[in-house]
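The sequence and structure are shown first.

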Amino acid sequence: MNTMENAIKWIHDHTVGDDEGIIVTTSKPVLYPEVTGYYIPSLLRVGETELAKKFAKKMCVIQKEDGSWYDPDDRYPFIFDSCQILKGLVAIRNIMPEVDEHIIKGIDWVFSNLREDGHLVQSIRDIWGTDDSHCNDLIHIYCMSPIFEAAKIFDRPEYADKANCVLDYYIENYRDRIVHYTLFSHFYAYVIEGLIDCGRVGIAKEAMVNFEKYRRSTGAICAYNDVKWTCSTATFQFAIIWYKLGEKEKADKAYNYMCSLQNPTGGWYGCYTGSKLNELRLRIMHKIGMTRDLYGRNAEISWANKFYLDATYYKSLRDKAS
């Protein structure tokens, strides 16, 4: 089988229940609502319509009464996770109109967390941990594109107004952190792609100029601004970003590098270190506090396949255009 066939087989092999959703990782094989949600448009693009419909149906069933969706352990409501599920429901609504009420309910819950200044406030403090250089609520930028789409679909201009308010807040208050590589690569890619998807291309291009020094000759992406190992999903994500910006050569290099690392199972580990010797060295350095923890090294992570599907889609569009 080729890379795509293997990747799709992995997805089918790692769904839970009656194909109701995707797992978190191979070491935590429970339903991951967020990732299940943003898999839906990816599945639709590759013709996996029935699986996408099952995913969407399950997301509607597990939506909370207030309109939110929770984490895989069903403990806390997440703005980010809820918005990724909204992406999926917006993408499938033409063939599943029954999801419309869930979309509206979900958006209304998201904006119940909006302050007047445009700050979307996650209700649980330190939800992403205390390391602000790993992740913070800048990733809410990646939440706005389905809301802009819903504003048009449902003729709700107030949705677009609020989404623009969110983007303005983050850009005006955190511009320096946006244009300089200050987060874990997977989350930083959310920020940059979110800006592109919402039409804020200028600042995304500025950030990518600064990001260039973290692109390695192999096509790999440095997982943080102070390490050399690479995050699998981030490398696919930055390929998508470069495809969207028309930088096909850079995109192809990142894409081909990650495709070469696909496991025989059809999945990908969370990170790659370059060699077993380098991995051992990094593990020792982490143990004594000299480097950051490796990301998902011993498990295949479900969102890697999602971003592979998306990168393949945007690659095909660029290939046809060139």
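## Aromatic rings and their contacts

In this predicted model, the charged end of Lys 64 is placed over the ring of Tyr 70, at 4.7 Å from the ring's centre.

Two of them, which have Phe 211 as a member, are listed below.

| Pair | Geometry | Centre to centre | Angle between planes |
|---|---|---|---|
| Tyr 181 and Phe 211 | edge-to-face | 4.9 Å | 75° |
| Phe 211 and Trp 242 | tilted | 6.5 Å | 45° |

Tyr 181 belongs to the loop between helix H7 (157–179) and helix H8 (185–197), whereas Phe 211 is in helix H9 (residues 201–211); the pair therefore ties together parts that are 30 residues apart in sequence. Trp 242 is found in helix H10 (residues 232–244), so its pair with Phe 211 of helix H9 links parts that are 31 residues apart in sequence.

Are these residues buried or exposed? Both Tyr 181 and Phe 211 are buried. Phe 211 has a relative accessibility of 1%, and Trp 242 has a relative accessible area of 0%. Because buried means under 20% relative accessible area, Phe 211 counts as buried, and Trp 242 is buried as well.

Aromatic residues also gather in a group. One aromatic cluster is formed by Tyr 38, Phe 80, Tyr 142, Phe 184, Phe 187, Tyr 190, Tyr 224, Trp 229 and Phe 307.

Methods
Residues are numbered from 1 along each chain as its sequence is written. This is a predicted model: local features need pLDDT of at least 70, side-chain atom pairs count only at pLDDT 80 or more; totals for chains, interfaces and linings use all residues. Side-chain values use heavy atoms; hydrogens and water are left out. Rings of Phe, Tyr and Trp (its six-membered ring) pair if their centres lie within 6.5 Å; planes under 30 degrees apart count as stacked, over 60 as edge-to-face and the rest as tilted. Helices (H or I, at least four residues) and strands (E, at least two) are DSSP runs, numbered from the N terminus. Buried means under 20% relative accessible area, exposed over 50%, partly exposed in between (1.4 Å probe, protein chains only). A charge sits over a ring if NZ of Lys or CZ of Arg is within 6 Å of the ring centre and within 35 degrees of the ring normal.
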